[in-house]
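Reader: Could you walk me through one part of this model up close? I'd like the ligand site and then whatever surrounds it.

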Amino acid sequence: MIERIKKAADIIKNAKRITVLTGAGISKASGIPTFRDKNGLWRKYSIEEFATPQAFKENPKKVWQWYNQRKKLIKQAKPNKAHYALAELEELFKDGFALITQNIDNLHRLASNRRIYELHGNIFQTKCLVCDKVYLDEDVYEDEQLPPACRYCKSKKTRPNVVWFGESLDTSMIKKAMGLAATCDVFISIGTSGAVMPVAKLPQIAQYMGRYVVEFNADYSTISMFADDVIIGKAEETLPLLVSLIKRGRG
Ligand code: BV8
């Protein structure tokens, strides 16, 4: 494993543009469950009941209760060593660095990354379906307050600002992400199973365009076959090592 990390570090230190894609695995060490692992959320809860527009239409309170409960857990979470390693990488590569995440947990921002594209939204944002405002909402609500009233127009027709299955991602953001995958020198995939489209296309685009693709994951994933190198291990252990080797190499 160490030899592969050294190889990746050697390639990355000479690169100008680094595009990183993260998934739930990077936040596991922060105490946030993944989706498809042994104790993942989709093993306990069904997507159809909690993460589709139909589910929300049928029972907004039930969907809100689920997100409110997740928000409570996520609010207590802190970035781990893997998040901080990516913040250091952005410091090193400045404008050449971009971070695309499927995570809605805000931990990359707390770790001080700046150029972040949150393709599946953010659990700390609420969207009003009446006045269309999207606003920062870190409150965890009492059950009788759900759905929470809009801070602006007071309507109770609000929703978490996340992307559910069957909904389109923000068009300009996914286009930007595709461009970043196609034009980077190095594409790094971290802690994602690559099960969800269209994000799972990003490593494929990078590989198709001849970019160096490296995956950091606790296990092999559907992304592994598109990667030049796969580094199996916990991201909170492998990424700090990667970054320390890059820093040493860049003097
Ligand atoms: C859409 C939101 C257009 C909020 C989530 C073909 C083409 C296009 C679309 C589709 C298609 N086929 C099917 C679709 C539709 C669907 C889709 O992809 N379905 C899949 C399941 C087949 N996609 C959509 O609906 C998307 N929209 O395509 O719009 C459209 C519209 C209608 C019809 C057609 C097309 C919208 C998808 C949005 C989904 N939103 N959640 C919330 O969190 O509640 S999904 C959910 O999955 C999360 O957002 C999550 O981020 C995302 C991805 O999961 P991962 O992050 O990868 O997590 P996972 O548990 O799977 O994996 C964890 C990994 O970490 C593992 O590999 C593990 O080994 C690793 N790991 C664990 N510990 C560690 C570690 N690695 C390193 N270190 C560790 N310590």
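Author: Let's start at S193, where a polar side-chain atom lies 2.6 Å from an oxygen atom of the ligand. That is a polar contact, meaning a pair of N or O atoms within 3.5 Å; within protein, one must be able to donate a hydrogen and the other to accept it, and residues adjacent in sequence count only if both atoms are side-chain atoms. On its own the ligand exposes 1,500 Å², and the protein buries 77% of that (accessible areas by the Shrake-Rupley method with a 1.4 Å probe; for residues, only the protein chains shown count as cover).

Before going on, a word on what you're looking at. This is a predicted model, with local features needing pLDDT of at least 70 and side-chain atom pairs counting only at pLDDT 80 or more, while totals for chains, interfaces and linings use all residues. Residues are numbered from 1 along each chain as its sequence is written, and side-chain values use heavy atoms, with hydrogens and water left out.

Back at the site, 35 residues are around the ligand, and Y67, E167, T192, S193 and N217 come nearest (near means a heavy atom within 4 Å).

Now for the surroundings. The chain is assigned domain 1 (1–32 + 80–120 + 169–251) and domain 2 (33–76 + 121–162), with bounds from an automatic or database domain assignment. Their centres, taken over C-alpha atoms, are 27 Å apart. Between them, 16 residues of domain 1 touch 15 of domain 2, contact being heavy atoms within 4.5 Å. The two domains bury about 1,200 Å² between them, 58% of it on carbon and sulfur atoms; buried area is the accessible area (1.4 Å probe) that two parts lose on being put together, summed over both. A24, I32 and I104 supply 46% of what domain 1 buries against domain 2, more than any other three residues.

There's 1 salt bridge across this interface (a side-chain nitrogen of Lys or Arg within 4 Å of a carboxyl oxygen of Asp or Glu). K28 and D37 form a salt bridge, with their closest N and O atoms 3.5 Å apart.
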